[in-house]
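Please open the structure in your viewer and keep the sequence panel beside it.

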Amino acid sequence: MRTSRCILYTALGTVLCLLYVFQQTEIVKLGYRIKATEKVLEACLDRKTALQYTLSSLESPVNIDRSLFINGDDFEMAKDYKLVRLGPPAGKERPMLAKAKSKPIFKRLAMLSWFSARTAQAQTVK
Amino acid sequence: MQPKIKPLRFTVVLVLFIGLLFFFLGKLVLFQFFRSSFLLDLAARQHTYYLELEPKRGSIFDRQMRPLAINVPTFSLYAVPPQIKNIDLIVEKLGAILGLNRSFVLDRLNRKKQFIWLARKLDINKMEEIKGLGLDGLYFIKESKRSYPNSRLASQLIGFAGLDNIGLDGIEMNYDPYLRGSAGWTLVLRDAKRRDLALTDILQPPVDGYSLVLTIDQVVQYITEREIDKIFQKYNAKGATIVVMDVKTGEILALANRPTLDLNEFSKYPVDARRNRAVTDFFEPGSIFKIVTASAALDTGKFTLKDKVFCENGEYRVANHTLHDVHPYGLLAFQDVIAQSSNIGTTKIAQKLGPAVVYDYAKAFGFGASTSSGLTGEVAGILKPVSRWSKTSISAVPIGQEVCVTALQLASAISVIANGGVYMKPLIVRQVIDKKGEVIKSFEPEIVRKVISEETARTMRDILTAVVEVGTGKLAQSKFYRLAGKTGTAQKVENGTYSHSKFMASFIGFAPVDDPQIAIVVIVDEPRPYYYGGVVSAPAFKFIAEDVLKYRQIRSNGDGGQVLAKVYER
């Protein structure tokens, strides 16, 4: 009886120790995965910053000027000008959008998924 | 019957085992209790290290939140020569991608070192291209590089930061304490292969630098730089400066200098190109200084528009000096003395005022003192106190000689007339914001002092409008707006005397006359072959004023549909 109890306790202790070791190795493995994911995230953020810089550079009037005049074309400021607005005035939403936004979101989603109206088809004019 | 165990052998073995047991027990006690701290420390040094967390330098934006200076991630390439298996392949590939010289790369890779730089601060595309090759022995270290998307826009104003992201000039330097941030640090755990594990605690997080929002408008700056390029090249000038200022707030909307530099390659340019001439260079203003004399005359009540001044038909002696006008004039109305820029008429006005009054008003207009703009290298200019005036100074100072001013001082001075008589402190930074966009510090427009009355300012606006409409500034006339200003053609001093071949051509003014919004100062140093302010600088003033006012009108007019409707109704 004493011997069997001793063996049982030893076995239990061994299992617990093994579980602890397993936990530690899993934590380390998780650490590697987190690190790899962090690297991917960092690379994405770096790429995003680089793209933002490229965008700012392209939008810069200095660079736009350079690309416009690269062929030696000469542009003149208009002698007179008009303001032409293609949409509704700034600050006011399009009526359809304003109407759409008044409906609850689930209703809008349902309408889009199952009850959406037929869209017009563009056809070639003969 | 069992064999008899010899007691001696048994004892020896037993003693041996007990001895071994005690030996190991002793070692255990030694490691556990006497050398534990040393071993723990050794293990910690092998498995952990302190890593400094670099803060992100703050960005610089224009007033519309368009970036003027930002940090971009770059990657510096290094090699570990002992790990390289195929040197020829590396030489060939790096030569194709980076344009590196074959002998340079070979020399570097053949060195018996563990770490060799090959190329610094490459952009992300080149890094990915090289990484994609999968070459052994090549690695990257990520670094941050200060980049300027507009390259040479407002170069001297913004300044630049060096390789280690410390501001070295301009706003980058002056506001470095805001932009820099502070580093943090963390304890990093690594495995037996020296790979970092994500099981760390950041012990002190880095504090990223704050960002600056300037008063500069990128579009106004571009318009200004476009015009300054034209006059700088057309007149083969030695230098040029243009300042555009909001007259009501003192905010600097644009500041351009020539020669200039590309901020992304600042080290390739001479020191001369880095100078912010608008504040570091002073010069004798010449006739544009007459606005001070005229304002003093009207504000003190000693002269009115109806008064007439006899201009001695072009020649007038003051002490031992003979003063001349460009054209001989007889009797001129007060307004025409300024409109036609008569030196003699202005001197006679100043003589009636007295040196003390002229000096006081010059001081009130901001001359002889720094504008406190906070820009690098700003000088106060020269305005001699009355006690140091000679007998001929009364004929020199009122017409802009024996006095030295900067372009920024002139912009502030002309703004006084434009805004109704108030001297506004020039502003270059609007706000300091954190990375979330919350305002940490705000710089509001500041009224320094009242210089002249509103009535005087109004009268001066009319006079300066006459300068453009009928006077020396006719080339500044615009079809779209009423503009006002003053021309200046000042001889430069050479070897102690006034030169007959070197001039400063200038024009200062504001627009539109009915409700002044912007003041513009155009200064051209040694233009050739023409040198009159009315010929060289006035047209640039006009083009800038027209385009800037159109731009501001479009920006402020949010309801374009109504404007279109009004046009059609007419």
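Helices and strands are DSSP runs, numbered from the N terminus; a helix has at least four residues and a strand at least two. Please bear in mind throughout that this is a predicted model.

**First stop: a loop and its backbone**

Select Ala154(B), which is located in the loop between strand S5 (138-147) and helix H6 (155-158) of chain B. As background, most residues other than glycine have a negative phi. Ala154(B) is buried, because buried means under 20% relative accessible area and Ala154(B) has 3% relative accessibility.

Next, select Lys121(B), which belongs to strand S4 (residues 116-122) of chain B. Its phi is near 50°, again a positive value in a residue other than glycine. Is Lys121(B) buried or exposed? With a relative accessible area of 14%, Lys121(B) is buried.

**Second stop: a pair of helices**

Two packed helices are described by the angle between their axes and the distance between the axes. Select helix H3 (residues 87-98) and helix H4 (residues 102-109) of chain B, which pack at an angle of about 140° with their axes 9 Å apart. That angle makes H3(B) oblique to H4(B). The crossing of H3(B) with H4(B) is right-handed.

Now display the side chains at the contact. From H3(B), show Ile87(B), Asp88(B), Ile90(B), Val91(B) and Leu94(B); from H4(B), show Arg102(B), Val105(B), Leu106(B) and Leu109(B). By class, this contact of H3(B) with H4(B) has seven nonpolar residues, two charged residues and no polar ones.

Strands of a sheet pair through backbone hydrogen bonds, either parallel or antiparallel. Select S10, S9, S23, S22 and S21 of chain B: these five strands form an open sheet in that order, with antiparallel pairing. Which strands stand at the edges? S10 and S21 of chain B do, each with a single partner strand, so one side of each is left without a neighbour in the sheet. On average, neighbouring strands of this sheet are turned by 10° against each other, direction ignored.

Within the sheet, select strand S9 (residues 239-246) of chain B together with S23(B); the two pair in the antiparallel sense over eight bridges. Gly239(B) stands opposite Asp525(B) in S23(B).

Move to strand S21 (residues 484-494) and strand S22 (residues 497-511) of chain B, an antiparallel pair with ten bridges. They form a hairpin with two residues between them, and Asn495(B) in the turn has a positive phi of about 55°. Glu494(B) has Thr497(B) as its bridge partner in S22(B).

Helix H9 (residues 218-234) of chain B lies across S9, S10 and S23 of chain B, running at about 25° to S10(B). Helix H16 (residues 454-469) of chain B lies across S21 and S22 of chain B, at about 75° to S21(B).

**Last stop: two cis peptide bonds**

Most peptide bonds are trans. Select Arg258(B) and Pro259(B): the peptide bond from Arg258(B) to Pro259(B) is cis, with omega near 0°. Pro259(B) is in the loop between strand S10 (252-258) and helix H10 (277-280) of chain B. Finally, select Arg528(B) and Pro529(B), whose peptide bond is also cis, with omega near -5°. Pro529(B) is in the loop between strand S23 (518-525) and helix H17 (533-536) of chain B.

Conventions: Residues are numbered from 1 along each chain as its sequence is written. Chains are lettered from A and ligands numbered from 1 in the order in which they are written. This is a predicted model: local features need pLDDT of at least 70, side-chain atom pairs count only at pLDDT 80 or more; totals for chains, interfaces and linings use all residues. Side-chain values use heavy atoms; hydrogens and water are left out. Two strands pair if DSSP finds at least two bridges between them. Axes are lines fitted to C-alpha atoms, for helices over the stretch in contact, and angles run from 0 to 180 degrees between N-to-C directions. Angles under 35 degrees count as roughly parallel, over 145 as roughly antiparallel, 65 to 115 as roughly perpendicular and the rest as oblique. A crossing is left-handed if the near helix is turned anticlockwise from the far one by less than a right angle, and right-handed if clockwise. Contact means heavy atoms within 4.5 Å. Ala, Val, Leu, Ile, Met, Phe, Trp, Tyr, Cys and Pro count as nonpolar, Asp, Glu, Lys and Arg as charged, and the others, Gly among them, as polar. Buried means under 20% relative accessible area, exposed over 50%, partly exposed in between (1.4 Å probe, protein chains only).
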